[in-house]
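Hi,

Here is the structure I promised to pass on.

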Amino acid sequence: MSAPSTTPRSAVANSVWPRLEPLLPQIAKPIQYVGGELGAVVKDWDTAAVRWALMYPDAYEVGLPNQGVQILYEVLNEQPDVLAERTYAVWPDLERLMRAHQVPQFTIDAHRPVRDFDVFGVSFATELGYTNLLTAIDLAGIPLLAADRSDADPVVVAGGHAAFNPEPIATFVDAAVLGDGEEAVLEITTIVREWKAEGSPGGRDELLLRLARTESVYVPRFYDVDYLPDGRIQRVVPNRPDVPFRVHKRTTMDLDAWPYPKKPLVPLAETVHERYAVEIFRGCTRGCRFCQAGMITRPVRERSITTVGQMVREGLEFSGFHEVGLLSLSSADHSEIGDMCSGLAQQYEGTNVSLSLPSTRVDAFNIDLAQELARNGRRTGLTFAPEGGSERIRKVINKMVSKEDLIRTVVTAYTNGWRQVKLYFMCGLPTETDEDVLEIAAMAHEVIRAGRAATGSRDIRCTVSIGGFVPKPHTPFQWAAMARPEVIDNRLRLLKQAVNADRSLGRAIGFRYHDGEPSLIEGLLSRGDRRVGAVIRRVWENGGRFDGWSEHFSYQRWVEAAAEVLPDFGVDLDWYTTRERDELEVLPWDHLDSGLDKDWLWQDWQDALGEYEQDDCRWTPCFDCGVCPAMDTEIQIGPTGRKLLPLTPVNGLRVPSDAQQ
């Protein structure tokens, strides 16, 4: 339903609400398209110099709580001459009606057409949202291919973790931003504002060139990809002299200077998370080899207790939420997590406010934390992630949690009033065997036995949740071969049988898993190059939508599309997924700099194959991953904001390096 790309962008964006409202009684969950939430902002269109439409490419119930979009929404709207509104993926029932009645993709704040905005920013947490991107672009009346867009179309910018390899969607997006968005969106806004104020000289191409010259915005059209006869990439090079050879990630170093969200959005409809979430630190140095988020968000940057306390107080007062989520990749690793939790628990004692640590390492949870989290009598869910069933596989993935650590931790939870914990593992990891996976059953059985013994109660449960391993760019496992879906599915069947082999224990263990098929497709998209874009488009044209939802995902549709499209390029689905890469292969994202040294990643991959453990560099000498020297910084911890790390051994003791001055 594309509008002609030559139609000029509207100076006054008219609301589509009069056309949308009559459609809402005909669909499920119409409330998600209404807008008007507490925290929502509607600004005057005419007084805005730059206008952003921000999208999380999933349903409202998943997209609204997304921390990244909420932060950017607030940061942008704080600028007096900037307007930002939100849009989410529409369910197929509304999509059909929108196409039939010529209603374009709209924002839910003022129901303005997305095509009328200057910038269409899309934040991807997972690659399975790519087909939803195409739906939104097409519904908006924007040409699907970036090359076909005119000055009348918004600049489509991708962000989020998946943007660290945007090559599979390179033909659909105009630009991609790597890393933190707070400062990046303001820089982009300044460039767009100045370009418009000058009368849009040079048109769209000039605007994209100005973005590319920042060296932190990737514009795919300015790079050419050459291939070898066997299908591998020969090189990725700029096709003009005034753009950089490598694009670098953005890193916001002082989180205390960016205390967002200050006014969190309070949903009108039920969402996956309903809490006030505070990111207490960003980055991770644990070195889990499968974890893209931990690798690409280095270095560690902590928020101070005072800033966290202020954010919680103001956020709860504004929103009325009853739960505070202290977020990070491993929240209990904050250097002052004990004082933080005890201070917040004391402040809200006697109220209905509860604390949660959605991401808690097994070896960082202790009795003090358990007591503070349960002080108000409300015990939120506890999830621990050993990731691998056997000690051997945990050495491979560098997730060194012993069975004794796990038992001690869950017993602590059970004896402090929790009656259920969730244990998360992965299946299909490099070098994994059936025996590694079957040890998950033994661990779960031991958890139940220990919990019953410690509490004297049989009312003890744990849920074992299994996800499929997907190799991700900018990790040591970026070279790894994926296991075939039938291998993963067979291991999951064996595991379920082993869990239920002892009926007394098995009935206390829940078992949830994702089969191997969605993981394989996610693997295609995570490590794909520009040729994979043709597969995404074919899947979308054949009805692919909401691929992150099991009830909408079709493995057959993806397999058929790959079989139709990829042979023209001399490759196939297995070439992208179950093939191990070698050291010298040019990877599709090598020109995109996450700060990590590729040689270091390769060495860590070799260490994984040798089952060698790597320590956390927050507490040991630097391992030279490349991040800190490249950014002229050091890991930051503590309330004073001083640079306290890395640490170096002195007489067998580890002390802050600045203490040795």
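A quick definition to start: accessible areas here come from the Shrake-Rupley method with a 1.4 Å probe, and for residues only the protein chains shown count as cover. On that basis the protein has an accessible surface of about 25,000 Å², with 49% of it belonging to carbon and sulfur atoms.

Before the details, some housekeeping. This is a predicted model, so local features need pLDDT of at least 70 and side-chain atom pairs count only at pLDDT 80 or more, while totals for chains, interfaces and linings use all residues. Residues are numbered from 1 along each chain as its sequence is written, and side-chain values use heavy atoms, with hydrogens and water left out.

**Overall build**

The protein contains 22 helices and 21 strands (DSSP runs numbered from the N terminus: H or I of at least four residues for helices, E of at least two for strands). The C-alpha trace spans about 70 × 60 × 60 Å along its principal axes. Of the 661 residues, 61% are buried (buried is under 20% relative accessible area, exposed over 50%, partly exposed in between, with a 1.4 Å probe and protein chains only). Taking contacts between residues at least 6 apart in sequence, 76% join residues at least 24 apart (contact means heavy atoms within 4.5 Å).

**Rings**

How many aromatic pairs does a search of the whole structure find? There are 14, where rings of Phe, Tyr and Trp (its six-membered ring) pair if their centres lie within 6.5 Å; planes under 30 degrees apart are stacked, over 60 edge-to-face and the rest tilted. One of them is F477 with W605: the centres are 5.6 Å apart and the planes at 80°, so this is an edge-to-face pair. F477 is in the loop between β17 (461-468) and α15 (485-499), and W605 is in helix α21 (residues 598-609), so the pair ties together parts 128 residues apart in sequence. F477 is buried at 0% relative accessibility, and W605 is buried at 2%.

W575 and Y576 also pair edge-to-face, with centres 5.0 Å apart and planes at 85°. W575 is buried at 15% and Y576 at 1%. The charged end of R579 sits over the ring of W575, 4.0 Å from its centre (NZ of Lys or CZ of Arg within 6 Å of the ring centre and within 35 degrees of the ring normal). R86 lies over the face of Y73 too, 5.1 Å from the ring centre. Elsewhere, ring pairs link W91, F546 and W549 into a cluster.

**Two loop residues**

H474 lies in the loop between β17 and α15 and is buried, at 4% relative accessibility. Its side chain reaches the backbone oxygen of F164 at 3.1 Å. Leaving out residues up to four places away in sequence, H474 touches several others, including M295, W589 and L601.

D363 is in the loop between β14 (354-356) and α11 (367-373), and is partly exposed at 35%. With residues up to four places away in sequence not counted, D363 touches R286 and M400. D363 and Q614 are 251 residues apart in sequence and 16 Å apart in space, C-alpha to C-alpha.

Cheers

Conventions
A polar contact is a pair of N or O atoms within 3.5 Å; within protein, one must be able to donate a hydrogen and the other to accept it, and residues adjacent in sequence count only if both atoms are side-chain atoms.
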